[in-house]
Amino acid sequence: MLKRRQFINLTALFSISSVFSNIKPSLVTMESGNKKCTPKRLKKGDTIGLIAPGFAVKPEVLEEMKATLVAMGYVPFHTERIHGNHGYFSNTDEERAADLNAMFSNPNIDTIMCARGGYGCTRIMHLIDFDTIKLNPKILIGFSDITALLNGIHQETGLITFHGPVGSTLNDEYSKKQLKAILQSYKVPHRIENVVLEDQEMLDNVEYDRYTISPGVATGRLVGGSLSLINALVGTPHEIDFTDAIVCIEDVQEAPYRMDRMLTQLIEGPTFKKAKGIVFGVCAECNGSTNPLSFSLKDVIMDRIAPLNIPAAYGMSFGHVPNNFTFPIGIKAKWDADRMSLELLEKSVG
């Protein structure tokens with residue numbers, strides 16, 4: 001079973017001479033009213049910039065990451081800022097933010113992938129150059145702590161961002177196939193396929209159970225990610241507005257009472273009850289408790305979410321688990337909680 005602190009990292013040498021010469025305009029699709037912006041699609045031979053905006057990356061994991069991307073047909077690149085440690089971070093707040101900003105401004109970088117999660121993204125939100133991102137829209141992908149960047153950047157710029165594998169977890173065929181399907185363009189509507197569970201350990205693990213919480217069909221824009229990071233944004237300038245949204249939620253290593261507390265905080269907030277639907281991924285290692293009287297994870301989810309009476313289900317293939325599908329933050333989608341079907345109704349790349 002994968003753990004958040006194990007989610008670590010991977011890039012190759014890439015010539016960066018004349019970085020700011022011959023700048024070509026990015027492909028941007030702007031929609032009046034909501035200022036939605038779709039980045040250029042990923043294609044074979046593109047250069048993927050790797051960043052570590054949270055925890056540090058082990059050198060050997062970084063090398064594995066790079067090899068994986070090369071085998072997939074991409075050119076990995078990273079700066080020296082990704083190396084080393086600043087406490088548990090990969091670098092100082094200023095340097096981690098500078099690396100993110102530099103990847104967006106560098107015309108030789110086509111896509112930006114986070115090497116790992118961990119912790120640290122909420123510390124750099126105020127250092128992000130949102131104006132540069134607006135001028136240079138690109139794919140940004142990651143999950144876990146990266147939830148803060150994905151939702152915050154979309155909120156500030158309108159850029160469609162992508163909840164999906166980090167470099168250190170892009171190591172199974174399902175995740176690779178799903179990533180390519182979303183980032184390389186797709187026909188609308190596009191249905192995201194849940195993985196077929198075949199591993200007996202997963203089949204025997206109640207955390208992988210798939211069940212409807214409240215039936216129904218809903219349409220709305222996709223937001224969300226890691227529950228603990230969604231909660232960490234509450235009270236900040238980047239608190240998520242859940243109004244008319246389909247909220248995607250997952251987490252890892254959180255006891256049932258902690259899941260209860262975080263869900264309760266959202267429910268008691270100003271907009272969560274106005275969401276159109278709720279999509280739970282797999283909440284890995286969130287069912288255990290040393291208290292024999294503890295509620296189970298399912299008990300908590302049913303108790304907190306069912307009374308909202310909006311379409312909701314648990315067990316979609318995303319989160320801190322193998323087989324992690326990619327979904328866009330900010331585009332309109334259709335959610336069928338009975339069939340556990342998530343359909344993308346808009347293009348997320350140009």
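**Entry 1: helix α5**

Helices (H or I, at least four residues) and strands (E, at least two) are DSSP runs, numbered from the N terminus.

A note on the model before going on. It is predicted: local features need pLDDT of at least 70, side-chain atom pairs count only at pLDDT 80 or more, and totals for chains, interfaces and linings use all residues. Residues are numbered from 1 along each chain as its sequence is written, and side-chain values use heavy atoms, with hydrogens and water left out.

Next I listed the buried residues of α5: Tyr 174, Ser 175, Lys 176, Gln 178, Leu 179, Ile 182 and Leu 183. Buried means under 20% relative accessible area, exposed over 50%, and partly exposed in between (1.4 Å probe, protein chains only). Just after α5, I found Ser 185 with a positive phi of about 100 degrees. In the loop between α5 (173–183) and β8 sits Pro 189. The peptide bond that joins Val 188 to Pro 189 is cis, with omega near -5 degrees.

**Entry 2: the sheet of eight strands**

I traced an open sheet of eight strands, ordered β8-β16-β15-β10-β11-β12-β13-β9, with mixed pairing. Which strands stand at the edges? They are β8 (190–192) and β9 (211–214); each has a single partner strand, so one side of each is left without a neighbour in the sheet. From one strand to the next, the twist averages 40 degrees. Two strands pair if DSSP finds at least two bridges between them. Strands of a sheet pair through backbone hydrogen bonds, either parallel or antiparallel.

I then followed β12. Strand β11 (residues 245–250) pairs with β12 in the parallel sense over four bridges. Here Val 247 has Ile 278 of β12 as its bridge partner. Strand β12 (residues 277–282) also pairs with β13 (residues 312–319), in the parallel sense and over four bridges. Val 282 stands opposite Gly 319 in β13.

Helix α9 (residues 297–305) packs on this sheet and touches β9, β12 and β13; its direction makes about 30 degrees with that of β9. Contact means heavy atoms within 4.5 Å. Axes are lines fitted to C-alpha atoms, for helices over the stretch in contact, and angles run from 0 to 180 degrees between N-to-C directions.

How many residues of β12 are buried? Six of the six are, so β12 is largely enclosed by the rest of the structure.

**Entry 3: the sheet of six strands**

I moved to an open sheet of six strands, in the order β4-β3-β5-β6-β7-β14 and again with mixed pairing. Its edge strands, β4 (75–77) and β14 (327–329), each pair on one side only. The twist here averages 30 degrees from one strand to the next. Strand β7 (residues 161–163) meets β14 in the antiparallel sense over three bridges. In this pair, Phe 162 stands opposite Pro 328 of β14. Helix α4 lies across β6 (139–142), β7 and β14, at about 150 degrees to β7.

**Entry 4: His 154**

I picked His 154, which lies in helix α4 (residues 147–157). Is His 154 buried or exposed? It is buried, with a relative accessible area of 15%. A polar atom of its side chain lies 2.9 Å from the backbone oxygen of Leu 159. Leaving aside neighbours within four places in sequence, I found His 154 in contact with Leu 149, Leu 159, Ile 160, Thr 161, Ile 329 and Gly 330.

**Entry 5: two loop residues**

I checked Gln 253, in the loop between β11 and α8 (256–267). Its phi is near 55 degrees, a positive value in a residue other than glycine. At 27% relative accessibility, Gln 253 counts as partly exposed. Asn 309, in the loop between α9 and β13, also has a positive phi near 55 degrees. Asn 309 counts as exposed, at 64% relative accessibility.

Notes: Polar contact = N/O pair within 3.5 Å; in protein donor to acceptor, adjacent residues only side chain to side chain.
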